[in-house]
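Please consider the structure shown here, beginning with the pairing of its strands and ending with its pockets.

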Amino acid sequence: MSNSLNGKRVAILVTNGFEQVELTGPKEALEQAGAQVDILSAKEGQVKGWNHDKPADDFKVDRTFRSASIEEYDAVVLPGGVQNSDTIRIDQDAQHLVKMGTSAGKPIAVICHGGWLLVSAGLVNGKTMTSYKTLKDDLVNAGAHWVDKEVVTDGTLISSRQPDDIPAFNRELIQLLSA
């Protein structure tokens, strides 16, 4: 176990219907590297993960979007999952967190459909990104330069396409947070 991220704190923003492995994979990697990871959501209680199109496990919510302050975190992770991403993208408090994180120069790491929140928050114009292939048009129409790669880093923005890309996604996120 590496301790390269001791003292770092990361927020994972989700609502019900997130792709479970896109939360658990990065969360485990970050914690193994020494980071504290909090799950943030719109409401207190629990959120339900999904394994593609089937309900999976429940996860405890540590803070709500509204009660969290971006100053408490060193980075933000946005898992995908169509249901989660379609819901979170219109949440004003979630949009506020990613806008403030971007303004503060904090890493924002997004995978799969998670890019929808950044599109709705107006944060992709001029960025080079990847995503699940069905988001390509949304990202391009919002001004992003879309590429088909397992992981893309543009400044403090990290993006990946799908669950198969999680190892590369984790590696880039940990490297950026360690710098």
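The model is predicted, so local features need pLDDT of at least 70 and side-chain atom pairs count only at pLDDT 80 or more, while totals for chains, interfaces and linings use all residues. Residues are numbered from 1 along each chain as its sequence is written, and side-chain values use heavy atoms, without hydrogens and water.

Strand β1 also runs parallel to β3 (residues 36–41), joined to it by 5 bridges. Here Val-10 has Val-37 as its bridge partner. Because 4 of the 5 residues of β1 (residues 9–13) are buried, this strand is largely enclosed by the rest of the structure; buried means under 20% relative accessible area with a 1.4 Å probe, protein chains only.

The largest pocket holds about 200 Å³ of space. Its lining includes Gly-17, Trp-50, His-52, Cys-112 and Tyr-132, and the lining residues divide into 5 nonpolar, 5 polar and 2 charged. A pocket is an open set of points on a 1 Å grid over the protein atoms alone, where a 1.4 Å probe fits, with protein on both sides within 12 Å along at least five of seven lines; lining residues have an atom within 4 Å of a point.

The second largest pocket has a volume of about 160 Å³. Among its lining residues are Thr-15, Ser-41, Lys-43 and Thr-87.

Technical notes: Buried means under 20% relative accessible area, exposed over 50%, partly exposed in between (1.4 Å probe, protein chains only). Helices (H or I, at least four residues) and strands (E, at least two) are DSSP runs, numbered from the N terminus. Two strands pair if DSSP finds at least two bridges between them. Grid points are joined across faces, edges and corners, and a volume is the space filled by probe spheres set on the points. Ala, Val, Leu, Ile, Met, Phe, Trp, Tyr, Cys and Pro count as nonpolar, Asp, Glu, Lys and Arg as charged, and the others, Gly among them, as polar.
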